[in-house]
Amino acid sequence: MGCYYKGRGITLDYAQAMHWFTKAAEQGSPQARSAIGTMYAMGFGVPKNQAEAKKWNNKARTPPQLPKEVAEALAAASSLTLFSLQPWAGPNIPQWDLQGHHVLGHLDLPPDQAKTARAALQSALSAGNAYTSSMCEITPRHALVFKTGEDVYAILICYQCGQLEVFKNDKPLPFDGMIVGKPDVLNGLLKAAGLPLADHPAALQRSYAQEAKAALKLAEQGDAKAQDVIARMFMGGRGVTRDESTGIKWLGKSLSSSPDDPDFQVTLGKMYRRDNDLKKNYAKALKLFQQAAAQGSVEAQYQMAELYEFGYGVAKSPAEAMKWFRKAAENGNVEAQFEIGVRSAQGRDLPLDYTEALRWLQKAADRAHPQALSWMGNMYEEGWGVPQDPVEAYFWHRLAHQYGTPYGKEFSFWPAPEQLAAVDKRVADWIATHPKPRSGE
């Protein structure tokens with residue numbers, strides 16, 4: 001039915017699409033009901049009718065559900081703690097951090113307030129939709145944390161974009177959909193206790209000053225993580241008076257390194273290039289990468305290539321970028337090896353050369369570079385520089401899927417049972433002798 005709607009593989013036919021969507025909707029498909037709503041809203045094959053669109057979209061809506069064990073634990077929890085969060089990721093001082101978000105304060109809720117908080121969350125869930133999602137990075141401003149037995153659960157709530165994140169013992173649990181609601185109830189509980197909220201600048205500054213004090217105390221005790229945090233705070237002027245040289249000294253202590261060490265220079269250069277806590281300074285980044293590259297740092301060579309490619313701190317120069325990419329690739333940088341390979345396959349900034357492309361893509365793929373694995377599949381699927389081989393293409397695409405590439409594709413070929421068994425074994429044997437996929441992929 002979606003094929004008629006999108007004209008995928010067959011002639012675009014909205015009448016046929018509506019026919020099949022209607023049949024699916026009658027069987028309870030929320031996706032089909034939503035598609036009918038879209039067709040009425042946009043006038044695809046039917047007269048525009050916003051009332052009809054709203055009716056079908058309402059039929060499509062299914063409230064999202066917390067995982068069953070989380071819902072049961074929330075209902076049974078004898079105590080509930082409400083956290084106020086700064087939505088953007090914090091500097092990860094343990095006592096100030098909840099799942100990567102800066103904690104502005106927390107409130108242990110008595111039974112009557114716990115009941116109010118539960119009701120507010122349930123109201124937001126009831127008004128939400130299990131079949132929608134946000135492309136925004138989650139920006140939670142509240143969290144409900146509770147314990148059942150030895151298990152600790154956390155629900156991070158973003159009333160701004162409608163997303164939830166759910167955790168059990170610091171491990172993420174699946175949640176499908178988005179919520180709808182207002183944070184007024186939870187904000188009211190926090191305000192009554194005198195806790196700062198994320199949208200109050202003065203309260204944030206006081207919070208950052210407390211955070212800097214805690215970080216500095218830990219840093220002086222030799223905590224490397226805290227030393228890294230206070231370095232960024234001094235360099236960015238967050239919670240303390242900005243002092244770049246003091247920040248660099250703390251960074252050196254966190255890395256047990258000196259400013260002349262190429263690894264230190266690369267780390268600092270990357271901070272100037274793209275650290276959210278600092279004001280970008282491409283000129284300083286370039287100088288540091290040049291110093292590190294002169295000492296043989298392969299990572300610095302790769303960073304130089306990216307600066308020239310995008311024109312950060314230097315005149316944009318594809319030729320200069322490729323010179324540095326090639327130098328980094330020849331010295332073993334896997335990202336550079338992939339770049340040389342894919343550009344040779346595309347004829348982008350380099351001559352079209354499938355033999356050269358296959359050589360570099362194979363090098364990167366042998367080190368489990370996810371996109372290189374996918375591109376190896378493309379080479380065999382299209383017969384670029386190698387005989388066209390759908391089984392071999394399927395093998396590489398399967399590996400790419402195992403390693404979680406965001407550039408994977410739907411399989412266009414499905415092997416026969418005996419071929420599939422052989423590919424399954426090859427995939428397992430390959431993974432056993434190469435870097436392992438990250439957990440959960």
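Glutamate 339 lies in helix H15, which covers residues 334-346. The model is a predicted one, and in it glutamate 339 is buried, with a relative accessible area of 15%; the cut-off for buried is under 20%. Glutamate 339 and alanine 364 are 25 residues apart in sequence, yet their C-alpha atoms are 9.4 Å apart in space. Glutamate 339 also belongs to a network of salt bridges that links Glu309, Glu339, Arg343 and Asp349.

Side chains of opposite charge can pair when their charged atoms come close. Over the whole structure, a search finds 18 salt bridges. Three further pairs can be followed one by one.

Arginine 274 and glutamate 306 meet through their side chains in a salt bridge, at 3.9 Å from N to O. Arginine 274 sits in helix H11 (residues 262-274) and glutamate 306 in helix H13 (residues 298-310), so this pair ties together parts that are 32 residues apart in sequence. The two partners can be set side by side by accessibility. Arginine 274 has 42% relative accessibility and therefore counts as partly exposed. Glutamate 306, at 12% relative accessibility, counts as buried.

Glutamate 356 forms a salt bridge with arginine 359, and the closest N and O atoms are 3.4 Å apart. Both residues lie in helix H16 (residues 354-365), where they are 3 residues apart, or about one turn of the helix. An α-helix has 3.6 residues a turn, so residues three or four places apart point the same way. Glutamate 356 has a relative accessible area of 18% and is therefore buried. Arginine 359, with a relative accessible area of 41%, is partly exposed.

Distant parts of the chain are linked here: arginine 398 is in helix H18 (residues 390-402) and aspartate 424 in helix H19 (residues 417-432), 26 residues apart. Arginine 398 counts as buried, at 14% relative accessibility, while aspartate 424 is partly exposed, with a relative accessible area of 35%.

Another helix to look at is H17 (residues 370-382). H17 has 13 residues and reaches 19 Å from its first C-alpha to its last, which is close to the 18 Å expected at 1.5 Å a residue. H17 is mostly covered, with 10 of its 13 residues buried. The buried residues of H17 are Ala372, Leu373, Ser374, Trp375, Met376, Gly377, Asn378, Met379, Tyr380 and Glu381.

Of the 8 residues of S5, 6 are buried, so the strand is largely enclosed by the rest of the structure. S5 pairs with strand S4 (residues 142-148) in the antiparallel sense, over 7 bridges. In this pairing, valine 145 stands opposite alanine 154 in S5. S4 and S5 form a hairpin with 2 residues between the strands, and glycine 149 there takes a positive phi near 65°.

S5 also pairs with strand S6 (residues 163-168), again in the antiparallel sense, over 6 bridges. Here isoleucine 157 stands opposite leucine 164 in S6. S5 and S6 form a hairpin too, with 4 residues between them, and glycine 162 in the turn has a positive phi of about 80°.

The last stop is the second largest pocket, which has a volume of about 190 Å³. Its lining consists of Pro64, Gln65, Leu66, Ala71, Leu74, Ala75, Arg118, Leu121, Gln122 and Leu125. Helix H5 (68-76) and helix H6 (111-126) each supply at least two residues of this lining. H6 gives the most to the lining, with 4 residues. By class, the lining of the second largest pocket has 7 nonpolar, 2 polar and 1 charged residues.

How values were computed. Residues numbered from 1 in each chain as written. Predicted model: local features only at pLDDT ≥ 70, side-chain atom pairs only at ≥ 80, totals over all residues. Heavy atoms only, no water. Buried < 20%, exposed > 50% of the residue type's maximum accessible area, 1.4 Å probe, protein only. Pairing = 2+ DSSP bridges. 1 Å grid on protein atoms, 1.4 Å probe; cavity = no way out; pocket = protein on both sides within 12 Å on 5 of 7 lines; lining within 4 Å. Points joined across faces, edges and corners; volume = space filled by probe spheres on them. Nonpolar A, V, L, I, M, F, W, Y, C, P; charged D, E, K, R; others polar. Salt bridge = Lys/Arg side-chain N within 4 Å of Asp/Glu carboxyl O. Expected span 1.5 Å × (residues − 1).
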